[in-house]
Amino acid sequence: MNDKNAQSEPLLNLPGVVAILIVGMVALHAVREFVLSPQTDFWLLLQFAFVPARLSAWLDPAGGDSFFNQLRSGLGAGQAQMVRLLLAEGEPRLWTLLSYGLLHGSWVHLMSNMFWLAAFGSPVARRLGVSRFLVLMALATIAGALAHWLARGPDVLPLVGASAAISGTTAAAMRFVFSSGTPFGRMSDDAAVRAIPAEPFGQLWRNSRAMIFMLIWFVTNILFGSGIVPVLGEAASIAWEAHIGGFLVGLLLFPLLDLGRVRA
């Protein structure tokens, strides 16, 4: 009986919303890599990647002009034009606070994010349902961009990647997957996932497994983000501030969206 059930269980049993997100982001990156010209792909980045300096220049136009003038003094004509394009002539392009999360810098970047989305997004999607799950990811994406902006306000380098959103789902999962008696073998069952009692914020700190996981998560993000430990196959730096912004949103806002039980 158990063998028959095991054989009928899909090898990769993902919630529909997680599967759609993964397929969509992989397809988008494939189009960028194999269909779009470099010029069109650059235009796509200009329109949808998040550039911290744009937001800074919009909030402080005088400071933005001063920053560009200082930057231009050390740049050639072509580089100065590139910076002007990235700054979008002072337009904030506020939609990029969200849209940057759909783009990725490389296949390594994309596939590592999709692995984490499948691993930690799946139990959260089962517990929250589609709409609440997407709200959590959107809020974590926006929080990641704002945290990145607070840390790197004058930066003209575009921010891309779903890492902030996935960090939010990771933190949300931490609120219940480390509860004692968690049925890891039934994580593909929506009802079983919702039946796991979530840890109240005050009690979470007494859960040793959750705390060890959080410590490892923060340490690895800071090590890779600071460049102390290089990321294999990646030339770009990791925006660890965005990861932390998304993580904090998932950790703190999870109870407002949760549909499952809460430990008394």
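Trainee: Which residue does Arg93 form a salt bridge with?
Mentor: Arg93 pairs with Glu91, and their closest N and O atoms are 3.3 Å apart. Keep in mind that this is a predicted model.

Trainee: How many salt bridges does the count come to?
Mentor: The count comes to five salt bridges. Another one joins the side chains of Arg32 and Asp41, with 2.6 Å from N to O.

Trainee: Are Arg32 and Asp41 buried or exposed?
Mentor: Arg32 is buried, and Asp41 is buried as well.

Trainee: What about Asp190, which residue does it form a salt bridge with?
Mentor: Asp190 bridges to Arg126, with the closest N and O atoms 3.0 Å apart. Asp190 belongs to helix α11 (residues 190-195) and Arg126 to helix α8 (residues 107-128), so this pair ties together parts that lie 64 residues apart in sequence.

Trainee: Switching to rings: how many aromatic pairs does a search of the whole structure find?
Mentor: That search finds 11 aromatic pairs. One of them is Phe178 with Phe213, a tilted pair at 5.3 Å centre to centre and 45° between the planes.

Trainee: Where do Phe178 and Phe213 lie?
Mentor: Phe178 is in the loop between α10 (163-174) and α11, while Phe213 is in helix α13 (residues 208-226), so the pair connects parts 35 residues apart in sequence. Phe178 is buried, and Phe213 is too.

Trainee: Okay, and what kind of pair do Trp217 and Phe247 form?
Mentor: Trp217 and Phe247 are stacked, with 4.2 Å from centre to centre and 25° between the planes. Trp217 sits in helix α13 and Phe247 in helix α14 (residues 240-257), so here the parts tied together are 30 residues apart in sequence.

Trainee: Are Trp217 and Phe247 buried or exposed?
Mentor: Trp217 is buried, with a relative accessible area of 8%. Phe247 counts as buried too, at 0% relative accessibility.

Trainee: Now Arg127. Which ring face does Arg127 lie over?
Mentor: Arg127 lies over the face of Phe176, 4.6 Å from the ring centre. The side chain of Arg127 also makes a polar contact with the side chain of Asp258, at 2.7 Å.

Trainee: Where is the place of Asp258?
Mentor: You'll find Asp258 in the segment after α14. Asp258 is buried, with a relative accessible area of 16%.

Trainee: Last one: leaving aside neighbours within four places in sequence, which residues is Asp258 in contact with?
Mentor: With those neighbours left out, Asp258 touches Arg127, Leu128 and Ala198.

Notes:
Residues are numbered from 1 along each chain as its sequence is written. This is a predicted model: local features need pLDDT of at least 70, side-chain atom pairs count only at pLDDT 80 or more; totals for chains, interfaces and linings use all residues. Side-chain values use heavy atoms; hydrogens and water are left out. A salt bridge is a side-chain nitrogen of Lys or Arg within 4 Å of a carboxyl oxygen of Asp or Glu. Buried means under 20% relative accessible area, exposed over 50%, partly exposed in between (1.4 Å probe, protein chains only). Helices (H or I, at least four residues) and strands (E, at least two) are DSSP runs, numbered from the N terminus. Rings of Phe, Tyr and Trp (its six-membered ring) pair if their centres lie within 6.5 Å; planes under 30 degrees apart count as stacked, over 60 as edge-to-face and the rest as tilted. A charge sits over a ring if NZ of Lys or CZ of Arg is within 6 Å of the ring centre and within 35 degrees of the ring normal. A polar contact is a pair of N or O atoms within 3.5 Å; within protein, one must be able to donate a hydrogen and the other to accept it, and residues adjacent in sequence count only if both atoms are side-chain atoms. Contact means heavy atoms within 4.5 Å.
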